[in-house]
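Subject: Structure handover

Hello,

Please find the structure below.

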Amino acid sequence: MTSQPAARRAQAEDSAATVGDVAARAGVSRATVSYTFTQPNRVSRELRQRVLAAADELGYVGNDAARRLRVGHSLALGLLVSSARNPVYAEIAAGAEAEAAAHGRFVLVANSDESPERERAYLNFFESQQVSGIVAAPVGDVPAELLGLEKRGTPFVLVGMAPGPHSYPAISGDNERGGYLAAAHLLAQGRRRLLFVGGAHPHVDLRLAGVRRAAAESMTPASLEVIRVQVQTAKVGEEVSRTLLDRPASDFPDGIVAGNDLLALGLLHGLIVAGVRVPEDLSLVGYDDIEFADFAIVPLTTIRHPSAALGAGAVRILLGLEDEADMRGRFDPELVIRATSLPLVGGDRA
């Protein structure tokens, strides 16, 4: 004969009780629920008993990240980034560390340096250190090792990418929308020979998809060329600029969208040194709005999304304070217009 608690748990597994459900049943905040399971010493005995009773009634078990944060394991969270040279990841790390510290946690930061092998090594290291959860910005798609860690009880949250339907927590800005805003801005200036320069990353693919959509919707015909690069650094951007300089004027782009600001700054430097006038001859838009964008020799027009808030949001999901649905729309992209794409004097360019 099945016991009542077991029956309740079986029923709850089907309905996937959440942190919010437990909080509502116990009449407490989500933070109190999270602390009950991860840092019980921060919760009074009376509140702890209420939360545990509510969790038992709802069958609070299963695949929610906060439910698998294991009491007795390290207070550390792992943060895996694909390139520490990109200031965006420094901002993500700062946001993650600040949020973790506010809840008595620490963050171990690992840089895979765009290497899948190094990424796997760091994931193995995180497991050996028994981190309570992982925030990951992987080199490419979700690595099998990360999925394996989740199955063994270590939750993760992807940050900066959430391509299509996914069964794991992931938060990101709307990269497709950001790419669309960048290209639409150039098209509104009358730019008609567009070039997209970017790496092979899922979030960059979405930015390119937005650029393609803007070009397809343009009332005036516009061409779009795509140059793929291995890594998105300023050095690579400068190298791409040199290949453009060998082209005849008829094949030279008049508007460029870069996959990130580092690429854009390298392109900007190479073009200006060669005598190309920006924005008179060519308009340029980056992506990320890193601190250096506003201090370039010609301040860079770019797409802004709140990287530090993404890092903080990922930690909040790991700790069960919020879930992915709570954060929808919070990281929408914003076009920041600076001097690399100021409208030309005398109207739009034909």
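How many bridges join strand β3 to strand β4? Three do, and the two strands, β3 (residues 134–136) and β4 (residues 156–159), run parallel.

Some ground rules before the rest. This is a predicted model, in which local features need pLDDT of at least 70 and side-chain atom pairs count only at pLDDT 80 or more, while totals for chains, interfaces and linings use all residues. Residues are numbered from 1 along each chain as its sequence is written, and side-chain values use heavy atoms, with hydrogens and water left out. Helices (H or I, at least four residues) and strands (E, at least two) are DSSP runs, numbered from the N terminus.

The five-stranded sheet

Strands β3 and β4 belong to an open sheet of five strands. The order is β2-β1-β3-β4-β5, with parallel pairing. Two strands count as paired if DSSP finds at least two bridges between them. The edge strands are β2 (106–111) and β5 (170–171), and each pairs on one side only. Helix α6 (residues 116–128) packs on this sheet and touches β1 (76–81), β2 and β3. Contact here means heavy atoms within 4.5 Å. The direction of α6 makes about 180° with that of β1. Helix α12 also packs on the sheet, touching β1, β3, β4 and β5. The direction of α12 makes about 160° with that of β4. Axes are lines fitted to C-alpha atoms, for helices over the stretch in contact, and angles run from 0 to 180 degrees between N-to-C directions.

The four-stranded sheet

There is also an open sheet of four strands, in the order β7-β6-β8-β9. Its pairing is parallel. The edges are β7 (223–229) and β9 (283–285), each pairing on one side only. From one strand to the next, the twist averages 15°. Seven bridges join β6 (residues 193–199) to β7, and these strands run parallel. Leu 194 stands opposite Leu 224 in β7.

Helix pairs

Two packed helices are described by the angle between their axes and the distance between the axes. Angles under 35 degrees count as roughly parallel, over 145 as roughly antiparallel, 65 to 115 as roughly perpendicular and the rest as oblique. A crossing is left-handed if the near helix is turned anticlockwise from the far one by less than a right angle, and right-handed if clockwise.

- α5 with α12: Helix α5 (residues 87–102) packs against α12 (residues 307–318) at about 40°, with axes 6 Å apart. The two are therefore oblique to each other. The crossing is right-handed. Residues in contact include Ile 92 and Gly 95 in α5, and Gly 311 and Val 315 in α12. By class, this contact has seven nonpolar, three polar and three charged residues. Ala, Val, Leu, Ile, Met, Phe, Trp, Tyr, Cys and Pro count as nonpolar, Asp, Glu, Lys and Arg as charged, and the others, Gly among them, as polar.
- α8 with α9: Helix α8 (residues 175–188) and helix α9 (residues 202–217) pack at about 40°, axes 6 Å apart. They are therefore oblique. The crossing is right-handed. Among the residues that meet are Tyr 180 and Leu 187 in α8, and Leu 206 and Val 211 in α9. The contact divides into nine nonpolar, four polar and four charged residues.
- α2 with α4: Helix α2 (residues 19–26) meets helix α4 (residues 45–58) at about 120°, with axes 8 Å apart. That makes α2 oblique to α4. This crossing is right-handed. The contact has six nonpolar, no polar and four charged residues.

Salt bridges

A salt bridge is a side-chain nitrogen of Lys or Arg within 4 Å of a carboxyl oxygen of Asp or Glu. By this rule the count is 20. One of them links Glu 46 to Arg 50, with the closest N and O atoms 3.3 Å apart. The two are four residues apart in α4, so about one helical turn separates them.

Two backbone details

Val 278 and Pro 279 are joined by a cis peptide bond, with omega about 20°. Pro 279 sits in the loop between α11 (261–273) and β9. Glu 114 has a positive phi, near 60°, and is a residue other than glycine. Glu 114 lies in the loop between β2 and α6.

Best wishes
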